[in-house]
Structure formats: structure tokens, C-alpha cells
Amino acid sequence: MSKTVLSPIISGTMNWGVWDKNLTTKEMENMIQVSIENKITTFDHADIYGSYTTEADFGKAFHASKIDREKLQLITKCGIQMIAEKRPENKIKHYDYSKDYIIKSVEGSLKKLKTDYVDVFLLHRPSPLMQADEIAEAVEKLKGEGKIIDFGLSNFTSSQTELIRQKTEVSYNQVQFSATHYEPMLDGSLDYMQTHGIRPLSWNPLGTVFREDTKQTRRLKKLFSNLLEKYHLGADTLLLSWILKHPAKIIPIAGTVNVARIQSLSKAIELNMDTEDWFAIWTESMGDDVP
């Protein structure tokens, strides 16, 4: 079981840096402060974000903020080897889960994030060439040295998770899950995680509702306009509440840097959505009644 207590909603940093918002150190510092003020104390990273630059940018902001390390939790990931300026040796995008690479990557992340440990360390995507024994050796060494507290996976199927879990404890699996991407609750993934005490983390928790104009998203937006009158909350908050109601205790990762939206998202934690409204959202997403 996890030794770490994460916040009920996690702040995703993927778009904070050069990949999108290009926040300054001061702006990042403000985002960290605003998030913590709104009970979002966990920050999700990966070594590749910003083409291997966002962790260091966040680390500068965190250091400047003078916030006590114990007041926040840091997640990071490794394994994806991108073609990037910071990795001139890479000729093709691939995965690396050798013991030496995992250890080197975590130590690099610690240096960039300006911390002695990460609360949760994840393998970013499964590799056909990953050796479970070698991964376990790296994880146990990092845990023994206090460099990581908890270990988990990201985008792993149940069978891939079981392969790793046979060798070392798996506490988390970060998967794509939302009202428009609900397959993990039908393909056995969430059942498996509940069975084995693995906490699901949900990336892209708003799904395609605000990104695409399809029959599915139009149906959902129409429903949300009605639910808005009932709950007096925005569609983004209701989408997170929909995820939070699931018994697997899924933690959504919100990528917004909009202060007003951050303030409203915390309201999803307090809302216990009516069961019929939960099923109404799923029904409109499917475009059909439940079986």
C-alpha cells in the first residue's frame, strides 16, 4: 500500500513550460502557491516534459517559493527516450528501463526539482523489452536510499502491471480516464487496481469535451447546461466529480493554469454527484442507455 498521501486532485505540469504556457519562474511560483491554497498539493511531472526542461523550471520556482517540502508531493516519471536537444544521442524515440537508466533518471529529476526525494516515481509507458527483475532492483535501491517513497506505473495494462507487481510493490497506475475515455472501467483495469490496492491516477480527466466538436461532446455539453442549473458548477468541475465518484478512488490530474478554474476545481472534491446524474453523463457519452 502507498505510504504517500496525495491531494484529491493533482496539478499536472506538462503544459507549464515550453510545450505550451511557457510560464516564467515567478508565474510558476504563483501557480504552486495558488494550487496549495486550493488543496491541490501534489504536482505531476515527467522527465520528458518541455523536452527535458520543465522539471528544472519548476525546481527553480519551488526553490524561490521557500515552501516547506513537506507541504507538497512530487510525482515524476521516466522511460521515454525522446529525440530532443537535451538528448542528442537519441536517433529514434524509444523506451529504456535498464537499472542504470532508471537510477540515473531519478537522480537527474531530483537535481532538477531541487529535492532529496520524490513521493511517487512512475514508469511512463510500458516497453516490450522491459525486464521486471531489473526494474525491481532499481526501485528497491532507490527506495532504500530514500530517493523515492512510492513506486508505480503509467499507461500499463493489468497484465503488464502484474508482471511488475510480481517483483516489486506497485502503488499507482496513471491511465487515461474520463467521461469520454471510460474504457478502464469496462476492460477490467479499474477492477484489477481495486483488487490489488493500486491507486489509479487519471490523465486528461476532462477528455475531449472542450477539445473536439463531435456528436458525443455536443450531447455532453447539452447535458452539462442542464446540470449547471442544478449544481451551480462548471462542466470541468462536474467532469472531475464524475471521476471522483468511482469506487476505485481515482485521482484526476488537472492541467489548467487558470486561477479561477483551479479555485473551482476544488469544489469537485466536496460534491457527491447524484447517481442518476452520474449515469446520465455516461449515457450521453456512450450515446445509448446502459445495457
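I looked up how helix α4 passes helix α5, and the crossing is right-handed, a word used when the near helix is turned clockwise from the far one by less than a right angle. The helices are DSSP runs (H or I, at least four residues), as strands are (E, at least two), and both are numbered from the N terminus. The axes of α4 (residues 99-113) and α5 (residues 132-144) come within 8 Å and cross at roughly 35°; axes are lines fitted to C-alpha atoms, for helices over the stretch in contact, and angles run from 0 to 180 degrees between N-to-C directions. I then noted who takes part: K99, I102, I103 and V106 of α4 make the contact with E134, I135, E137, A138, K141 and L142 of α5, where contact means heavy atoms within 4.5 Å. By class, I find 6 nonpolar, no polar and 4 charged residues there, with Ala, Val, Leu, Ile, Met, Phe, Trp, Tyr, Cys and Pro counted as nonpolar, Asp, Glu, Lys and Arg as charged, and the others, Gly among them, as polar.

I kept in mind that this is a predicted model, in which local features need pLDDT of at least 70 and side-chain atom pairs count only at pLDDT 80 or more, while totals for chains, interfaces and linings use all residues. Residues are numbered from 1 along each chain as its sequence is written, and side-chain values use heavy atoms, with hydrogens and water left out.

Next I turned to α8 (residues 215-231) and α12 (residues 275-286), which pack at about 160° with their axes 8 Å apart. That angle makes α8 roughly antiparallel to α12 (over 145 degrees; under 35 is roughly parallel, 65 to 115 roughly perpendicular and the rest oblique). On the α8 side I listed residues including Q216, R219 and L220, and on the α12 side residues including D277, A280 and I281. The residues of this contact divide into 8 nonpolar, 2 polar and 4 charged.

I also followed α8 to α9 (residues 235-244), where the angle is about 85° and the axes lie 10 Å apart, and the two helices are therefore roughly perpendicular. F224, L227 and Y231 of α8 meet A235, L238 and L239 of α9, and this contact has 6 nonpolar, no polar and no charged residues.

Last, I looked up N155, which sits in the loop between β7 (148-154) and α6 (158-165). N155 is buried, with a relative accessible area of 18% (buried is under 20%, exposed over 50%, partly exposed in between, with a 1.4 Å probe and protein chains only). Its side chain is joined to that of W203 by a polar contact of 2.8 Å.

Terms used
Polar contact = N/O pair within 3.5 Å; in protein donor to acceptor, adjacent residues only side chain to side chain.
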